[in-house]
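Work through the exercises below with the sequence and the 3D view side by side. Try each task before you read its solution.

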Amino acid sequence: MRVGGAFVLAVGNRKGGTGKTTTSVNLAAEVAARGLDTLLIDLDTQGHAAVGLGVAAPAKGEPTVHCLFDGRVAHLRDAIVPTGHDRLSMVRADPLYDGIGGNAQPTLIAQRLRDEGLLDAYRLIVIDTPPSLDPLLMNAVAAANGMLVPLTPHPLGMDGVRQLTRLLFRIGGTVNPDLRLIGLLPIMLDLRIRLHLDTVADMERGFGANRVLNGVRADIKLAEAFRDGKPIRDYAPRSRGAVDYAMLADDLIRGWALG
């Protein structure tokens, strides 16, 4: 169920290297390109979401999302910056944030989104989450309507998914009863490889076929686009990666009734 005008989507996995930030950047860009106001919040202190959009890293003293947690800013809105893409704004991460002495309350982001009217200012809010179980991930999950889990089609990838879904159930029963699992998104997928086929089949058995999304095929253009600070739709619009993220955006928009 959407609260206010926005659907809040957390993109995450406990394991790194699963295409989490690539998915956050390209899904946000696709939805914005369809004329829907979109906000991308980078809670991962690596700060790579800004890199993928060609947005400069925050200068010293500029507000970031992590300034909320250490008290340097009181309002999330103060950290919103344009991306150069129509209808797409973002809140950058602070790579120097260490979490020491910060405000660890798990509902801080949810409160800021609600109290500052950001749920009415955007149709989609994407939160790129850190790959570790810490108060930042808890904040993202507590604020979200849904969770999208990118993962590589490998047996070890399923371990991270199981850990994360246990977290979803725990938070869903306490601070965020509306939270739901949107789906599992296989990344770097090649259905000619038997291991990939077997892993997708395991996902469907474990979580239900309706929870396993079509996936994003392996495509070097995605890495090249990130290197050049562009969404794949701008860098190589006819590539496999662009087609797959466009289809993902269309499918999820229909599911969220955002159009």
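**Exercise 1: An aspartate and its partners**

Aspartate 94 has a relative accessible area of 11% and is therefore buried, where buried means under 20% relative accessible area, exposed over 50% and partly exposed in between, computed with a 1.4 Å probe on protein chains only. The model is a predicted one, in which local features need pLDDT of at least 70 and side-chain atom pairs count only at pLDDT 80 or more, while totals for chains, interfaces and linings use all residues. Residues are numbered from 1 along each chain as its sequence is written, and side-chain values use heavy atoms, with hydrogens and water left out.

**Exercise 2: From a loop into a helix**

Task: Decide whether aspartate 190 is buried or exposed, and then describe which residues of α8 are buried.

Solution. First, locate aspartate 190 in the loop between β7 (180-189) and α8 (194-207). The relative accessible area of aspartate 190 is 17%, so this residue is buried, and its side chain makes a polar contact of 2.9 Å with the side chain of arginine 192.

Second, follow the chain into α8, which has 14 residues and spans 20 Å from its first C-alpha to its last, close to the 20 Å expected at 1.5 Å a residue; the expected span is 1.5 Å times one less than the number of residues. Within α8, the buried residues are His196, Thr199, Val200 and Met203. Seen down the axis of α8, these buried residues fall within an arc of 100°, so they line one face of the helix, the arc being that of the directions from the helix axis to the C-beta atoms. An α-helix has 3.6 residues a turn, so residues three or four places apart point the same way.

Third, turn to the face of α8 that points away from the buried side, where the exposed residues Arg194 and Arg205 are found. After α8 comes glycine 208, which has a positive phi near 100°.

**Exercise 3: Positive phi without glycine**

Task: For arginine 87 and methionine 188, give the value of phi and then the place of each residue in the chain.

Solution. Most residues other than glycine have a negative phi. Arginine 87 is not a glycine, yet its phi is positive at about 65°; its place is the loop between β3 (80-85) and β4 (88-91), and at 44% relative accessibility it counts as partly exposed. Methionine 188, likewise not a glycine, has a positive phi of about 55°. Methionine 188 belongs to strand β7, and its relative accessibility of 43% makes it partly exposed.

**Exercise 4: The largest pocket**

Task: Find how many residues line the largest pocket, and which element gives the most to that lining.

Solution. Start with the space itself, which is about 390 Å³ in the largest pocket. The largest pocket is lined by 23 residues, and those nearest its centre are Gly17, Thr18, Gly19, Lys20 and Thr22. Then sort the lining by element: α1 (20-33), β7, β8 (216-217) and α9 (220-227) each supply at least two residues, and α9 gives the most, with four.

Conventions
Polar contact = N/O pair within 3.5 Å; in protein donor to acceptor, adjacent residues only side chain to side chain. 1 Å grid on protein atoms, 1.4 Å probe; cavity = no way out; pocket = protein on both sides within 12 Å on 5 of 7 lines; lining within 4 Å. Points joined across faces, edges and corners; volume = space filled by probe spheres on them.
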